[in-house]
Amino acid sequence: MSVLQEIVQDVRVDLAAREMLVDLAALEAAVATTAPPLDAVAALRGDTVRVIAEIKRRSPAKGPLAAIDDPAGLAEAYVAGGAAAVSVLTEPRRFDGSLADLTAVRAAVRVPVLRKDFIVSPYQLWEARAFGADLVLLIVAALGQAELEALLREATELGMTTLIEAHDAEEVRRAVDAGARVVGINARNLNTLEVDPGVFATLAALVPDDVVRVAESGVRVPADVSAYRDAGAAAVLVGETLVTSADPRATVTALVAAGRRPAGVAR
């Protein structure tokens, strides 16, 4: 069983437990009183590679990364540094995340907020919207094509943007066929957990120009953002580098500066 399969198996167990505590009708009622989602597609386009800055305490690849006692404060620092969006890990077992983190970040910033989790059910989409998410992550490798398309449609009906994550050419094709407006290309191999930044350049060419390309994994220094920019990225998603930085705000600012494009060039 792959790492992804193990994670998804556990996610389904935790999901069933939450469904026993809070039914879908309660989430629907909460969504009805929640402010409309922000336009994430617009936020991820511009003359500079946009930085999606992540709240991430640990990972299966690296183990513990940062305690992050104040996710809202960290999100505020990210935005002050120029982040265009904030990603919040909500998976508890391997990432030490929670929906409470999502709520705290949503209340603290006025940029799009991504619920980053392993979404396999419409219930999780309603959770995401009820807790304030503007974007949700859908991982192609975790879903059949019919599931992917159904979840994308439902997320869109809820007003959210979907970041569709792909790892190889076939997954990029499936994301595009599903109607993705934002495609994330993850340079991390799901089997070995190793990162190969060159994967982005290869796969980005398969994504239509009207689709927002997001580079995921592999950003350690500003030069990595410049390289992704030159390979066609509209945005980069950065976690470990930021949460382990002594000055997350300054680090975001440096990454944003490195992604600036020549005048008149936008993605």
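1. Strand β4 (residues 85-89) has five of its five residues buried, so this strand is largely enclosed by the rest of the structure; buried here means under 20% relative accessible area, exposed means over 50%, and partly exposed lies in between, with a 1.4 Å probe and protein chains only. Strands (E, at least two residues) and helices (H or I, at least four) are DSSP runs, numbered from the N terminus. The side chains of A85, S87 and L89 point one way from β4, while V86 and V88 point the other way, and all are buried.

2. A word on the basis of these remarks: this is a predicted model, in which local features need pLDDT of at least 70 and side-chain atom pairs count only at pLDDT 80 or more, whereas totals for chains, interfaces and linings use all residues. Residues are numbered from 1 along each chain as its sequence is written, and side-chain values use heavy atoms, with hydrogens and water left out.

3. Strand β4 belongs to a closed barrel of eight strands, which runs β1-β4-β5-β6-β7-β8-β9-β10 with parallel pairing. Neighbouring strands of this sheet are turned by 25 degrees against each other on average, direction ignored; the axes behind this angle are lines fitted to C-alpha atoms, for helices over the stretch in contact, and angles run from 0 to 180 degrees between N-to-C directions. Two strands are taken to pair if DSSP finds at least two bridges between them.

4. On one side, β4 pairs with strand β1 (residues 50-55) in the parallel sense over four bridges. Within this pairing E54 stands opposite S87, and A53 stands opposite V86. The pairing of β4 with β5 is also parallel and has four bridges, and there V86 stands opposite V113 of β5.

5. Which residues of strand β6 (residues 135-139) are buried? Five of the five are, so β6 is largely enclosed by the rest of the structure. From this strand L135, L137 and I139 point one way and V136 and L138 the other way, all of them buried.

6. Strand β5 (residues 113-116) and β6 pair in the parallel sense over two bridges, with R115 standing opposite V136. Five bridges join β6 to strand β7 (residues 161-166), and these two run parallel; in β7 the bridge partner of V136 is T162.

7. The largest pocket has a volume of about 610 Å³ and is lined by 35 residues, of which K56, K116, N186, R188 and S217 lie nearest its centre. The elements that give two or more residues to this lining are α1 (3-21), β6, β10 (235-238) and α12 (240-243), and α1 gives the most, with three residues. By class, the lining has 16 nonpolar, eight polar and 11 charged residues, where Ala, Val, Leu, Ile, Met, Phe, Trp, Tyr, Cys and Pro count as nonpolar, Asp, Glu, Lys and Arg as charged, and the others, Gly among them, as polar.

8. About 210 Å³ of space lies in the second largest pocket. Of the 16 residues that line the second largest pocket, the closest to its centre are H167, R188, N189, L190 and N191, and its lining divides into five nonpolar, six polar and five charged residues. A pocket is an open set of points on a 1 Å grid over the protein atoms alone, where a 1.4 Å probe fits, with protein on both sides within 12 Å along at least five of seven lines, and lining residues have an atom within 4 Å of a point. Grid points are joined across faces, edges and corners, and a volume is the space filled by probe spheres set on the points.

9. Two backbone angles deserve a look, given that most residues other than glycine have a negative phi. D96, in the loop between α5 (92-95) and α6 (99-108), has a positive phi of about 55 degrees although it is not a glycine, and D96 is partly exposed, with a relative accessible area of 37%. S217, in the loop between β9 (212-216) and α11 (222-230), has a positive phi near 75 degrees, but S217 is buried, with a relative accessible area of 16%.
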